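Work through the exercises below with the model open. Each task is followed by its solution.

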Amino acid sequence: MKAEEITLIQSKHNAAIIAPAGHGKTEMITDLVDKLPGTKLVLTHTNAGVAALMNRFKKKNVDASKYYLSTISSFCMKWTEAYPSTAGIRPTMKVTDKDFYSKIHTGTSRIFTHSWARDIIEKTYSCVLVDEYQDCVLAQHQIFVELNKTVPIYVLGDPLQAIFGFKESLVSWKNICFDVLEDEIETYPWRWEKTNPALGQYLNDVRKKLLPGLDKKEVRLSTIPNQTSVFNINPADIHGSVIYSIVKKYDSVLYIAKWETDTKAFAKSSGGIFQHDEKQNLDELYNFAMRLDVDDVVTRGKVLFNFIGECASGVSSELGSYESHIISGDYDFHRIKKHPEFGSRMIRLRETNSYDSMLRILEWIKACKDLRIHRRELFNEMQRSIRRARDSQDTILKAAQDIRMIPGNQSKYSNFKYLSSRTLLSKGLEFDCVIIDLSKVDTGRGNNNRYSVTDMYVAMTRAMKAIYFITDQESVLLTAPQGI
């Protein structure tokens, strides 16, 4: 940032800085942390966001004494744990409760209505910086309104990237009660400077066309190719050689669809080239785990076989001969010549009904070259759950919940080069190429089946080099976003 821009921000008791996708927001935060006086409290929404900021701080050699970095929720948890009565938090509340996070956000804002709590912040930090402010729900926004009674608050974000309004109402940048800076702070599409400047300019032009959607207006976006960064795929070719030619052309590709059923189907049809992007609340893991927590070995065998079919393609052709036997509980496989090792391991499960027998079956599935796993995260998490259940002598369901919900037990699955996802899950990621499936929009389901302007902007700005629309239409109708 320019010295005069930092001076301008420092002169204000609050400021909301608008920075479009790929326009150097992380660099702005780094400059503010480095150049503003004192120790800054830096907050963002996700662990991935914390990691990105930490990496940038280290890269720029920002002294660790200049900041304290955390997610908003972790920050709130520390305060509500320290002052539960003031926060109005019941002692029995658990992190797995459905309303846990909304309660701790509301509780934290309640704590900061007290001057003694704000005084602690003032004595500890010179100001508060909040990243991705467009994703703040109203309860989170109220925390910073309360803190701003004592310390300066500087927030950064982009209202055109607000895509979580379907959960709770998000903060509105039109009445945010902070001084909104847009033209005062210079931005530039740095993300595309070295990969495809023409795409960066195209996305800047698209942004201007999408902005009216924030005023609750429908927007029609052209999908006509421009030969430098935007291309089309006919819907009839979605499962054909065209997709594979794109995979060969780019080092990383993101497929985005509106619905989870479509992302699953695409990943499966790709034969494991594309991995399905799983939700953090991986309910299918819990459902299968609960169904595996039975003493009846016939039922357990059927559930395990169904789980394999959910995660891998090629099961019907390679292991189809076993299916009717497993369903009926008949483990006489002597006439089946294909993959006898699978049959042997299933028989071992029938004999022992043990966690180890299930793990040996899953290990064989992963090693089998004729099967292609397209839900590797779900598959790996089930393996981890069964191992944890075995070692802790607990249920598989309890083990699954522990590995997904307890931070120290979590595994990261962010290195898939070819990913089948939705906008909600892919936000913050970058790929050489993004394929946006428009083939099933406007198919009689009304606005609920269309992309919003914010969904579309986030989806398009994941691309570093090229965007492909799956459509046979020249334009697509976009709706206004929810919750803002």
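**Exercise 1.** Is Cys 127 buried or exposed?

The model is predicted: local features need pLDDT of at least 70, side-chain atom pairs count only at pLDDT 80 or more, and totals for chains, interfaces and linings use all residues. Residues are numbered from 1 along each chain as its sequence is written, and side-chain values use heavy atoms, without hydrogens and water.

*Solution.* Take the cut-offs: buried is under 20% relative accessible area, exposed is over 50%, and partly exposed lies in between (1.4 Å probe, protein chains only). Cys 127 has 4% relative accessibility, so Cys 127 is buried.

**Exercise 2.** Count the disulfides, then check Cys 127 and Cys 136.

*Solution.* A disulfide is a pair of cysteine sulfur atoms within 2.5 Å. The count is zero. Cys 127 is in no disulfide; its nearest cysteine sulfur, in Cys 136, lies 16 Å away. For Cys 136, the closest cysteine sulfur is that of Cys 76, at 9.6 Å, which is too far for a bond. Cys 136 is buried, at 0% relative accessible area.

**Exercise 3.** Describe how H14 packs on H15.

*Solution.* Start with the geometry. H14 spans residues 315-328 and H15 spans residues 340-352. Their angle is about 25°, and their axes are 10 Å apart. H14 is therefore roughly parallel to H15 (angles under 35 degrees count as roughly parallel). Next, list the contacts (heavy atoms within 4.5 Å). Leu 319, Tyr 322 and Ile 326 of H14 meet Pro 340, Phe 342, Gly 343 and Met 346 of H15. Finally, sort these residues: six are nonpolar, one is polar and none is charged. Gly counts as polar in this scheme.

Methods: Axes fitted to C-alpha atoms, helices over the stretch in contact; angles between N-to-C directions. Helix = DSSP H or I, 4+ residues; strand = E, 2+ residues; numbered from the N terminus. Parallel < 35°, antiparallel > 145°, perpendicular 65-115°, else oblique.
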